[in-house]
Amino acid sequence: MDYQELADKIKIWAKQLGFQKVGICDVDLKEHEAELQKWLEAGYHGSMDWMARHGMMRARPDELLPGTVRVISARMDYLPPEAQFASNLDNPNHAYISRYALGRDYHKLLRNQLKKLGQMIEQEVASMNYRPFVDSAPILERPLAQKAGLGWSGKHSLILDKECGSWFFLGELLIDLPLPVDTPSDNQCGHCKACITSCPTGAIVEDGVVDARRCISYLTIEFDGVIPLEFRKAMGNRIYGCDDCQLVCPWNRFASITEEQDFHRRKALHSPELIDLFSWDEETFLKNMEGSAIRRIGHQQWLRNIAIAMGNAPFSQAIIESLESRKGLSELLDIHINWAIEEQLSQIAESSRTTTKHQRLIRIVQKGLPRDA
């Protein structure tokens with residue numbers, strides 16, 4: 001069999017299936033095992049126990065699927081049209097939701113397309129063992145993507161490509177065919193540290209290393225407990241994920257808008273006001289978020305995140321009333337609602353102090369003016 005010809009066909013088929021780029025690499029990730037162990041020992045995975053449970057299997061794809069000798073790494077762009085980055089972040093009464101989650105959940109779509117790719121390869125070779133993965137198994141997808149030539153791991157730990165930035169999903173197809181491998185990507189971040197300095201909570205603790213416990217994406221999505229006080233103000237109006245490190249990345253000026261309709265913004269999330277989203281009962285939440293990645297955090301966590309954002313919004317009696325109306329649903333939610341109400345009321349006190357100081361200054365100035373001034 002001409003494996004080079006097959007590899008060329010695979011890349012053509014992948015594009016026909018909606019992937020923007022694919023690469024092929026071997027399964028040797030030994031060089032990443034020590035840094036993975038160090039990250040886990042530092043506790044940077046937070047409450048994501050499954051990250052540690054599988055140990056070094058994450059760096060050994062051939063243990064996931066015995067016989068695997070190659071990984072086909074695939075990229076699919078997700079940046080929706082009218083992303084409205086600034087308009088949502090700059091309006092504290094609106095909710096900011098990570099751009100990847102505005103449309104349908106990507107897991108099923110990518111996995112189905114990877115499965116189709118596997119079937120197309122299988123028809124060509126008659127016999128093959130393969131398995132697709134999209135965040136569905138302990139696997140180091142980013143080192144594999146870099147090894148396959150899809151980009152390099154930026155200082156924010158995401159994969160960057162000089163032609164398209166980082167607004168894309170990754171998926172892997174493990175196979176047992178000795179296909180020719182692609183050239184790994186070189187790191188081109190240089191001295192830039194924009195992502196590190198822009199992180200609202202200082203979660204990027206060193207180049208390429210993220211402490212999930214400080215990351216807003218982790219706090220709003222993976223973490224289901226009480227948000228530490230030190231991070232609540234920094235969260236601003238981000239209620240699901242955070243894109244700040246990507247927004248400031250110079251390489252993202254080359255990003256392309258996705259052609260996949262499933263990743264376009266759903267109607268319920270067009271200019272979403274915090275009060276409106278907070279008013280959804282569980283039935284409305286489940287209905288509006290049907291087919292969305294957001295649905296998996298559940299209604300209580302959804303309300304918890306919005307409550308924090310409402311506490312960070314400008315003072316509004318309507319916000320306080322809305323927050324009060326949700327009291328009593330759970331102890332977890334009450335903790336965040338009470339904090340948000342206190343934050344709202346503190347703005348009145350601060351405004352009063354500012355007004356008093358201003359009036360005092362006016363009186364002092366007036367006393368010093370000539371009578372005919």
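## Basis of the model

This is a predicted model, in which local features need pLDDT of at least 70 and side-chain atom pairs count only at pLDDT 80 or more, while totals for chains, interfaces and linings use all residues. Residues are numbered from 1 along each chain as its sequence is written, and side-chain values use heavy atoms, with hydrogens and water left out.

## The annotated residue Asp135

In an unreviewed entry, UniProt lists Asp135 under "active site"; UniProt positions are given in the numbering used here, feature names are shortened, and annotations may be inferred rather than shown by experiment. Asp135 is placed in the loop between β4 (130-133) and α7 (141-147), where helices (H or I, at least four residues) and strands (E, at least two) are DSSP runs numbered from the N terminus.

With a relative accessible area of 41%, Asp135 is partly exposed, a class that lies between buried (under 20% relative accessible area) and exposed (over 50%), using a 1.4 Å probe and protein chains only. Leaving aside residues up to four places away in sequence, Asp135 touches Tyr106, His107 and Glu141, contact meaning heavy atoms within 4.5 Å. The side chains of Asp135 and Tyr106 are also joined by a polar contact of 2.3 Å. A polar contact is a pair of N or O atoms within 3.5 Å; within protein, one must be able to donate a hydrogen and the other to accept it, and residues adjacent in sequence count only if both atoms are side-chain atoms.

## An enclosed strand

Strand β1 (residues 21-25) is largely enclosed by the rest of the structure, because four of its five residues are buried. β1 pairs with strand β2 (residues 70-77) in the antiparallel sense over five bridges, where pairing requires that DSSP finds at least two bridges between two strands. Ile24 has Ile72 as its bridge partner in β2.

## Aromatic rings

The structure holds 13 aromatic pairs, counted where rings of Phe, Tyr and Trp (its six-membered ring) have centres within 6.5 Å, with planes under 30 degrees apart called stacked, over 60 edge-to-face and the rest tilted. Among them is the tilted pair of Tyr100 and Tyr240, at 6.2 Å centre to centre and 45° between the planes. Tyr100 lies in the loop between β3 (96-97) and α6 (106-125) and Tyr240 in strand β10 (residues 238-240), so this pair ties together parts that are 140 residues apart in sequence. Tyr100 and Tyr240 are both buried.

Trp280 and Trp302 form a stacked pair, with 5.5 Å centre to centre and 15° between the planes. Because Trp280 lies in the loop between α12 (274-278) and α13 (282-288) and Trp302 in helix α14 (residues 298-312), the pair ties together parts that are 22 residues apart in sequence. One aromatic cluster is formed by Tyr78, Tyr100, Tyr106, Trp167, Phe169, Tyr240 and Phe263.

## Two buried loop residues

His45 is placed in the loop between α2 (33-41) and α3 (49-53) and is buried, with a relative accessible area of 11%. Not counting residues up to four places away in sequence, its contacts include Trp39, Met51, Ala212 and Tyr218.

Ser330 is placed in the loop between α15 (317-324) and α16 (331-367) and is buried, with a relative accessible area of 15%. The side chain of Ser330 reaches the backbone nitrogen of Leu333 at 3.0 Å.
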